Amino acid sequence: MARVELWLLRHGDAEDENPEAPGEDAARRLTPKGEEQAAAAARALRALDRGFLRVLCSPRVRARETAAPVAAALGRPLEEHAPLAGGFGVGETAAVLRALPEPGRVLLVGHEPDLSELVEALTGARVAMRKGGLAAVRLEGDGHAELVALLRPGELAAIAG
């Protein structure tokens, strides 16, 4: 496998419970703060202009609501990816990377603890993925992986302007 970059975005701040679907975690929506975090992530990623090949997200409402403005800002279709709903790890990541049409960048929008555990499994770096935060991991063809970015929501907002 040639060099690829895996960008991981945690969904924005979400409500404790969706009043229209009480008790259904998957139905939780973004709060106004979470919507602002998603919009800032979209503007920041567009400003960074990294040329993403794919944008995949968990089917959970809060992840879709985070990913939709990002995918639109990047000019990429938003693809729901069921494994991102929970339990997403190295094996699922390898499957996503094998499905890339060419070496490049992919953005995954998902949940904790999966994202921080994935960063640690790939790089050995222990990170805390904040709601609305972003991490980027560069994967080399020789199996080497390096954490190249870890941005908190406030830093994404600063990049977004």
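Two strands count as paired if DSSP finds at least two bridges between them. The strands themselves are DSSP runs of E with at least two residues, while helices are runs of H or I with at least four residues, and both kinds are numbered from the N terminus. With that in hand, welcome to this structure.

What you see is a predicted model, in which local features need pLDDT of at least 70, side-chain atom pairs count only at pLDDT 80 or more, and totals for chains, interfaces and linings use all residues. Residues are numbered from 1 along each chain as its sequence is written, and side-chain values use heavy atoms, with hydrogens and water left out.

**Strand 5 and its neighbours**

Strand 5 and strand 6 pair in the antiparallel sense over six bridges, and Val 137 stands opposite Leu 147 in strand 6. The two strands form a hairpin with five residues between them. In the turn, Gly 143 has a positive phi of about 95 degrees.

Strand 5 also pairs with strand 1, again antiparallel and over six bridges. Here Leu 134 in strand 5 is the bridge partner of Leu 9.

How much of strand 5 is buried? Five of its six residues are, so the strand is largely enclosed by the rest of the structure. Buried means under 20% relative accessible area, exposed means over 50%, and partly exposed lies in between, using a 1.4 Å probe and protein chains only.

**Helix 2**

Helix 2 covers residues 61-74. The expected span of a helix is 1.5 Å times one less than its number of residues. For the 14 residues of helix 2 this gives 20 Å, and the end C-alpha atoms are 20 Å apart, which agrees.

Where does helix 2 have a kink? Look at Ala 67, shortly before the proline Pro 69, where the kink is about 25 degrees. The bend at a residue is the angle between axes fitted to the seven residues ending there and the seven starting there.

Buried residues of helix 2 include Val 61, Ala 67, Val 70 and Leu 74. The helix's buried residues pack against strand 1, helix 1, strand 2, strand 3 and strand 4, where contact means heavy atoms within 4.5 Å. Just after helix 2 comes Gly 75, with a positive phi of about 70 degrees.

**Salt bridges**

Side chains of opposite charge can pair when their charged atoms come close. A salt bridge here is a side-chain nitrogen of Lys or Arg within 4 Å of a carboxyl oxygen of Asp or Glu. The structure holds 12 of them, including these:

| Pair | Closest N to O distance |
|---|---|
| Arg 3 and Glu 140 | 3.0 Å |
| Arg 29 and Glu 65 | 3.2 Å |

Arg 3 is partly exposed at 47% relative accessible area, and Glu 140 is partly exposed at 21%.

In the second pair, Asp 25 is partly exposed at 32%, whereas Arg 28 is buried at 15%.

Arg 29 forms a salt bridge with Glu 65. This pair links distant parts of the chain, with Arg 29 in the loop between strand 1 and helix 1 and Glu 65 in helix 2, 36 residues apart. Arg 29 is partly exposed at 36%, as is Glu 65 at 23%.

Finally, a network of salt bridges links Glu 5, Arg 105, Arg 138 and Glu 146.
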